[in-house]
Amino acid sequence: MAGKSAAPTIELEVGGRTIRITNPDRVYFPETGATKLDLVQYYLRVGDGIVNALRDRPCMLHRFPKGLAGAKVHQKRLPASAPDWIRTVRVHFPRYDRFADELCVTEPADVIWAVQMSTVEFHPWNSRAADVESPDEWRIDLDPMPQCPWSRVRRVADVVHEVLDELGAVGWPKTSGGKGLHVYVRIAPNWGFHDVRRAALAFAREVQRRAPDEVTTTWWRRDRDPKLLFVDYNQNARDHTIAAAYSVRGVPAATVSTPVRWDEIPDIDPREFTIATVPARFAEFGDLHAGIDDAVFHLDRLLEWAARDKVDTELDAHADLADN
């Protein structure tokens, strides 16, 4: 009796590394027919951008071993079968007193190996391997509630930009890959997660003061007005992660969390940024976040706002829900 045929495999050379891609024709995104190989090719075409977004950060992987039609796996620990050239960074989870060796991307081959392992989304920490307890990235997550229109997200983005300019901070916006926007600010790694989150809440409150009919900072989702936009300061809590710039999202349309310019926000439709369209945009504009490491902001003024607004009372009340 004839033996079962082997699954198709191809080999790719990525920065001098040979990576075997198994099941390249497996459909990962049924809505578009995009395959595992299409996903690999996408990440190769935006390689400099995704590496810049992930470089030297602990990274959680969102894997779909059977494509979107199958189960989703949230993977923190790198498997023992990983090649010896893959770097890891050890992180501690105090709530459980456990450790994990997470992927630490340094080159495009790391990304492609992770895609071979069925990774679709990359979720890095906002700190780096040199000191995982000292964030160097403040993340502003503009998260629309279910009835919040995109027009409101755009208007709040203008307010965010205005406040950042007044602070002297450079914000680097990107689509979330869903219905929202993220804005990253590079910060000096002089504070721990608690202080970064205090600063983030103080900033969110200032945005809310300027747009009270548009913005909520209410902690519990059930208590938020479904028409408003939540400025999610909790994304700065320890071990809270969001999809990186250039990360594909695990949704049927294969949308991408895409860096944009501030002046583009009034006209963009985030649904148009997909694995089929972003590579051409990247080829035309390059990495719009390429200069982020050259624009370092210090949180002192925001921490003064935090003290003024007494944000610690609220943060302390929910500490067990936000911090690991």
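Start with the open sheet, in which five strands follow the order E11-E12-E10-E14-E13 with mixed pairing. Its edges are strand E11 (172-175) and E13, each of which pairs on one side only. Strands (E, at least two residues) and helices (H or I, at least four) are DSSP runs, numbered from the N terminus, and two strands pair if DSSP finds at least two bridges between them. In general, strands of a sheet pair through backbone hydrogen bonds, either parallel or antiparallel.

This is a predicted model: local features need pLDDT of at least 70, side-chain atom pairs count only at pLDDT 80 or more, and totals for chains, interfaces and linings use all residues. Residues are numbered from 1 along each chain as its sequence is written, and side-chain values use heavy atoms, leaving out hydrogens and water.

Now look at E11 and its partner, strand E12 (residues 181-186): the two run antiparallel and are joined by four bridges. Here Lys174 stands opposite His182 in E12.

From E13, move on to the loop between strand E13 (215-216) and E14, where you will find Trp219. With 11% relative accessibility, Trp219 counts as buried (under 20% relative accessible area; exposed is over 50%, partly exposed in between, with a 1.4 Å probe and protein chains only).

Finally, find Asp239 in the loop between strand E14 (229-232) and helix H6 (278-285). Asp239 counts as buried because its relative accessibility is 12%. Its side chain meets that of Lys76 in a polar contact of 2.9 Å, meaning a pair of N or O atoms within 3.5 Å; within protein, one must be able to donate a hydrogen and the other to accept it, and residues adjacent in sequence count only if both atoms are side-chain atoms.
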